[in-house]
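Here's a quick briefing to read with the structure open beside you. It goes through the helix packing, then the strands, then a couple of loop residues.

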Amino acid sequence: MAKDLDDTSDDAAQRSHEHTTAIHQAFDGDPKKMWDGYGIIADVVPFTSYFPRANIHELLSPDLLHQIIKGTFKDHLVQWVVDYLEGQPDGKKAVAEMDRRIAAAPLFSGLRRFPEGRGFKQWTGNDSKALMKVFLPAITGLVPDGMVRAISAFMEFCYLVRRSEIDETVLDQIDEAVQRFHQEREIFRQHGIRENFNLPRQHSLSHYRLLIQQFGAPNGLCSSITESKHIEAVKKTWRRSSRNKPLGEMLLTNQRIDKLAAARVAFEPHISVQLRDPRDQRRTLQTMRSHVQAHMEAISDCESDGGDGNELPEKMVTSEGDVRLPKRAAARYPRPLHLLAPFLKLPRLEEYIRRFLYDQLYPDSEIIGMDVDIEACPIVDPNLHIKLFKSATALYHAPSDVSGVAGMHREVIRATPSWKHGPPRHDCVFVELDSEVAGFEGMNVAQVQMFLSFKYDGVDYKAALVRWLEKYGAEPCSITGLWQVRPDHDARNRRMCSIIHIDTILRCAHLMPAFGSRFIPPSLHHSKTLDAFKLYYVNKYIDYHAFEVAF
């Protein structure tokens, strides 16, 4: 039997029915010898063994949940990191520090929080996925750089194979990520954490290119799909039952749920739009947005028909993201500018508005509003009527994430002085600076303080007051592969703030502190994280769309 699955390319061969039969005859069906030597269960005969044109060994599709997320990440890499930390002097303190860093992750829409770190007994697939989003920055500085690079390479692989659309370029990137992972993971052997890597679930990474070419994107084959159906059809129906011979009750509940779903589909066309469920309204809104690829095809069709490409179908969104303010403004705020500024304790609010208007009225100016002389900016009425908003909705195409119709994903950006009757919450956002530059090089990160709208010279302006962060370095970190940013300050060491139009906002961004090797105070609350550090990582692993845009 192979001692290292990834170092036996010369003598390794694919399993076959003939090989299994030969092993069974050689050992006379001894279950212990067959299992210990070849990993074969003697009592199980595949149902396809008698099929002349079927080979079960070629029908195994990739499984993201058990091979990658729960297998390689949670069972292997996370445990290896914990084993390394526990083997160091003051190992328990280091493990506790890692847990505190995980608990200090800032809030993000849909992100599961770990108030006590990763130390709990009952793990689910969603728990592993959530930990994967914040694990890399949390261990940086606690473990050797080689371990961080190994996990970074694995994360690249995991997020690449999770895409809904995979072409040859992505396949090459997958192969490169697997190669880097195999090189960097040797550090676990050097530190005595592993003697070998004879691990079938990690070995499966080497076959993903072929499996993707045979079966398509693994995103549609993952066993988490059937797991979720199991929750709906079995777990939830069992909880609703009397728990006394519940099978009949569970079947009846499933029948009723199916009938209600069918009735909903039949009745919905006959219900007026005003009376429908608000969630259906959101789905209707999503159908009005088109896939970016459809947008490019529309331009191509216009050009092929002799047009100039400027005439697009109605309701076509021409940007990658669409940010909208709520219909109702926040209550209990004064509206006139001269009253609002002291109420918010923002004496420079009028200046921010004037500089914002300069950018809007003179978009071709060589000097931006933040740098221009304030005397050159438009004058605003002290009684300018301003509406404040505590949130905004971002809608963008993210088919690789959990999304709605046509792959559209809806996300709420929060900027509120009190979140759930607790501390304030001010989310970060990606701000587009140059749409012609791909990736994070054409963007920046800002923290939203509030959303506002006002009318000037008959034009409605919808904007956001933000605090800027500046890029740290001209390329991503060589250890984590993540971009780094730090708070931006002016010449008087004040946080750089300005008002931007919401059309420049792409979507939410998630930042994780660059913790370094120093331990954080146990009293640090996650609501203070975005103000407590001097350097942050732009967490592209927060979801799959962020991975595709913040590279």
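Helices here are DSSP runs of H or I with at least four residues, strands are E runs of at least two, and both are numbered from the N terminus. On that basis the protein chain of this predicted model comes to 18 helices and 13 strands. Of its 551 residues, 43% are buried. Take the chain's contacts between residues at least 6 apart in sequence, and 66% of them join residues at least 24 apart.

**Helix α6 against α7**
- Start with α6 (residues 145–161) and α7 (residues 168–184): their axes come within 8 Å and cross at roughly 155 degrees.
- An angle over 145 degrees counts as roughly antiparallel, so that is how α6 sits relative to α7.
- The crossing of α6 past α7 is left-handed.
- On the α6 side, the residues that meet α7 are G146, R149, A150, A153, F154, E156, F157, L160 and V161.
- Their counterparts in α7 are V170, Q173, I174, A177, V178, R180, F181 and E184.
- Sorted by class, the residues of this α6–α7 contact are eleven nonpolar, two polar and four charged.

**Helix α6 against α3**
- From α3, the contact takes in L64, I68, T72, F73, L77, V81 and Y84.
- From α6, it takes in M147, I151, F154, F157, C158 and V161.
- The class tally for α3 with α6 is twelve nonpolar residues, one polar and no charged ones.

**The four-stranded open sheet**
- Four strands form an open sheet in the order β1-β3-β4-β5, and the pairing is antiparallel.
- The edges belong to β1 (321–324) and β5 (425–426); each has a single partner strand, so one side of each has no neighbour in the sheet.
- Further in, β3 (residues 391–397) and β4 (residues 408–416) pair in the antiparallel sense over seven bridges.
- To find your way along that pair, look for T393, whose bridge partner in β4 is V412.

- β8 (459–471) is joined to β9 (residues 484–487) by three bridges, and the two run antiparallel.
- E470 has R486 of β9 as its bridge partner.
- β9 also pairs with β13 (residues 536–538), again in the antiparallel sense, this time over two bridges.
- There, V485 has Y536 of β13 as its bridge partner.

**Two loop residues with positive phi**
- H421 is in the loop between β4 and β5.
- Phi of H421 is near 60 degrees, a positive value in a residue other than glycine.
- Is H421 buried or exposed? H421 is exposed, with a relative accessible area of 85%.
- D457 lies in the loop between β7 (443–456) and β8.
- D457 isn't glycine either, and its phi is positive too, near 55 degrees.
- D457 is exposed as well, at a relative accessible area of 67%.

Definitions and conventions. Residues numbered from 1 in each chain as written. Predicted model: local features only at pLDDT ≥ 70, side-chain atom pairs only at ≥ 80, totals over all residues. Heavy atoms only, no water. Axes fitted to C-alpha atoms, helices over the stretch in contact; angles between N-to-C directions. Parallel < 35°, antiparallel > 145°, perpendicular 65-115°, else oblique. Left-handed = near helix turned anticlockwise from the far one by under 90°. Contact = heavy atoms within 4.5 Å. Nonpolar A, V, L, I, M, F, W, Y, C, P; charged D, E, K, R; others polar. Pairing = 2+ DSSP bridges. Buried < 20%, exposed > 50% of the residue type's maximum accessible area, 1.4 Å probe, protein only.
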